[in-house]
Each structure stands twice: as structure tokens, then as C-alpha cells.
Amino acid sequence: MIAVILAAGRGSRLNNYTNELPKSLLPLNNDKTILDYNLDLLTEIGVEKKIIVTGYESGKIESHIKHLDNIEYVYNPFWDHCNVLGSLYMALPFINETFLFLHADTLVGEKAWQELIKKKGDMILPYQKKKCGVEEMKVKHDSSGTLIEINKTMTPSSADGEFLGIAKFEFNTKKVFQNVAEKLFKSGELNHYMEAVISDSINKNIEIKTFDIGDTPFVEIDFEEDYLKAKEKFKN
């Protein structure tokens, strides 16, 4: 199993912190950055090879972790013109087995990761059961945990919770990501999230399962308040 870490974006909503520094290199404490936390955790759960998709200030990321082995860098030269799906598409040629997916700015406790790698299905999506807002990536599932809907636009009150932005995908889904992404890109649609592929795969011959992470800590760092919350929750 390998991991694909998307770290191409600038994090413009954190301008006070990211004018010259990628969001993934923001410190959590005196010793570790956001990226360090995720790389250490992936190693802890047994993932040796990590593919990191870079863009904004890519050299600083490579310099920061140059001492680590089994890191493969994929540079997205269009990082400022496409969304997450574009960065994931850049990594597809380097994926040759089951892979974990994560945004570099998402922090999740190890317990959820351990559960994720044990779950069976073509696509496994952890979520946090909560009352969602308008901006969150929301999920809805049936009584068996099979995904019914994933997007930001569903009515918040109808959602089961917020998708974490980490996932596990079996190797057979690589072709699905490639086909859907190319269809969208050829139509001129570059501003898509990875979840567009998942949504397109619902009710097709693909098993998409969800699970609630319970009280496992989770922070997606978009705004300053998120960053401050992450520093408190994950400082150790």
C-alpha cells in the first residue's frame, strides 16, 4: 500500500502564514510541521512509499524532507489553474497498487487511519458524524454504510457528516479516476475536487463504503481558526 499526499496548493485563505511558505510546512509545535505529522503517521501504520504532489513553493517541501527515503515527488505545473482532481491526475501514472489518499492540510488521529486500512471496499471514505455547514464536503449513506451522495451542495440537515479528505482506494479504481478526470478536463472543467470522481461512481459497479471516526481528532486546515485548533489538538 502506498500513499498519495496532495500538497500543491497555496492555502490563500491563510495568507498571513503562507505568503512564502506552503501550508503543509506550517509548524504544529517546535519540532514538527503539518507534513511531518502526516508522514510520520503513515510510516507508523506501515506505509513505506509516499507520493507527494507539489506545486506552490515545491522546492521548500523537497528541501524540508530531503533526508527521508521512499518519497516520490510529482510536480503539478498547473497547480494555480486546477483543483484537487488535477493534482491527483498528475500522480496516477505512479500508482501501481492500493493507495491511501490525503490532503496535506488534513490532520486525523491514528485510530481512524488504522480502521481505514482494515476496511474492505473499492473506495473507503471516513467521515465525522456532525451537524454540517454549507462549505463542508458532506456525505450521506444508507443503513449498510454504502455511499449515497457526496458533495458540498446537499442540504446540511440531510447529511450524515463531513468527509475527512482522507480515503483508501483499491488499484482497480485508478482507471475510474483517469477516465472521469479526462472527461471533465476535455470539456474544459478544471476546477473539480477528487470527490467528483466518487460521485460519478455511485450506483455503478464500484463498492463505496463510509465509516464514522467517532471521537478521533480531526482538523481540516482552511482558515486561521482551523490552524490554531490543529496546533492545540495535534501538538503532541
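Which residues do ring pairs link into a cluster?

1. Ring pairs join Phe 99, Phe 101, Phe 169 and Phe 177 into a cluster. Rings of Phe, Tyr and Trp (its six-membered ring) pair if their centres lie within 6.5 Å, with planes under 30 degrees apart counted as stacked, over 60 as edge-to-face and the rest as tilted. The model is predicted: local features need pLDDT of at least 70, side-chain atom pairs count only at pLDDT 80 or more, and totals for chains, interfaces and linings use all residues. Residues are numbered from 1 along each chain as its sequence is written, and side-chain values use heavy atoms, with hydrogens and water left out.

2. There are 8 aromatic pairs in the structure. In one of them, the ring centres of Tyr 17 and Tyr 227 are 5.0 Å apart and the planes stand at 75°, so this pair is edge-to-face. Tyr 17 is partly exposed at 27% relative accessible area, whereas Tyr 227 is buried at 3% (buried means under 20%, exposed over 50%, partly exposed in between, with a 1.4 Å probe and protein chains only).

3. The rings of Phe 169 and Phe 177 are also edge-to-face, because their centres lie 4.9 Å apart and their planes meet at 75°. Phe 169 is buried at 0% relative accessibility, and Phe 177 is buried at 1%.
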